Amino acid sequence: MKKDKKRKITLIDIIKKIKIRTIIFLIVLLAFNSYAWFLYATKVSTGLQAHVAAWDINFVIDNKAIEKTVTINLEKIYPGMEDFSQEIQVENKGETKADLKYEIESIKIFGETFSRKSGMTSQQLEEKIANEYPINLDIQISNNSLDEGVGKSTFTINLSWPFESNNDELDTYWGEKAYEYYSKNANSNSLELEINLIATQKQ
């Protein structure tokens, strides 16, 4: 019986030793693998090089750089007024091609304000002016696509109010409205127009 007990103890000890050796071996192996992966990952990361293309679009009015929002303020508008025109030069000095467009942000005319903040779209604002008011608003972009480094374009904003629209009743109504507003609000603009000029990376 004593011999059997000794054998059992010896076998248990051997199993314990094997387990401890196995665990130590696995730990060492895992450490070496982790170190090897660290070296590999470091080599890969240091071997990668990326160049971020520069984005440089300039908006210029009368040789002065401006922000992307243009505000037109006209103190007095009336039938037969002198046509208003504003040009904004655009230059692409960056390293990527760009697409140009515009969005009307808001219109304030004779004290009434309509804007995208109230839920209207740029197109709806443009249509409102065209269909409900006697003013002609025309916004042109000479070149919608700008090549990198050398691309140029011109935003042109034109506003006019023809003296006659071939509708005497409407001409009289709007003429009187313009006169009435200006006489009561001499220190306010009769028309305020806010337009966002937008340049996006060409896909």
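Where is Y78 found? Y78 lies in the loop between strand 3 (69–74) and strand 4. The structure is a predicted model, in which local features need pLDDT of at least 70 and side-chain atom pairs count only at pLDDT 80 or more, while totals for chains, interfaces and linings use all residues. Residues are numbered from 1 along each chain as its sequence is written, and side-chain values use heavy atoms, with hydrogens and water left out.

The protein chain contains 3 helices and 10 strands. Both kinds of element are DSSP runs numbered from the N terminus, helices being H or I with at least four residues and strands being E with at least two. Read from the N terminus, the order of the elements is α-β-β-β-β-β-β-α-β-β-β-α-β. Of the 203 residues of the protein chain, 29% count as buried, where buried means under 20% relative accessible area, exposed over 50% and partly exposed in between (1.4 Å probe, protein chains only). Among the contacts in the protein chain with a separation of 6 or more, 75% join residues 24 or more positions apart; a contact requires heavy atoms within 4.5 Å.

An open sheet is formed by 5 strands in the order 2-1-4-9-7, with antiparallel pairing. Its edge strands, strand 2 (64–66) and strand 7 (136–141), each pair on one side only. Two strands are taken to pair if DSSP finds at least two bridges between them. Within the sheet, strand 1 (residues 57–61) and strand 4 (residues 84–92) pair in the antiparallel sense over 4 bridges. In this pairing, I57 stands opposite N92 in strand 4.

Leaving aside its neighbours within four places in sequence, Y78 is in contact with W161 and A178. Y78 and Y179 are 101 residues apart in sequence, and their C-alpha atoms are 7.6 Å apart in space.

The structure holds 1 cavity of 30 Å³ or more. A cavity is a set of points, on a 1 Å grid over the protein atoms alone, where a 1.4 Å probe fits but cannot get out, and lining residues have an atom within 4 Å of a point.

Conventions
On a 1 Å grid over the protein atoms alone, a cavity is a set of points where a 1.4 Å probe fits but cannot get out, and a pocket is an open set with protein on both sides within 12 Å along at least five of seven lines; lining residues have an atom within 4 Å of a point. Grid points are joined across faces, edges and corners, and a volume is the space filled by probe spheres set on the points.
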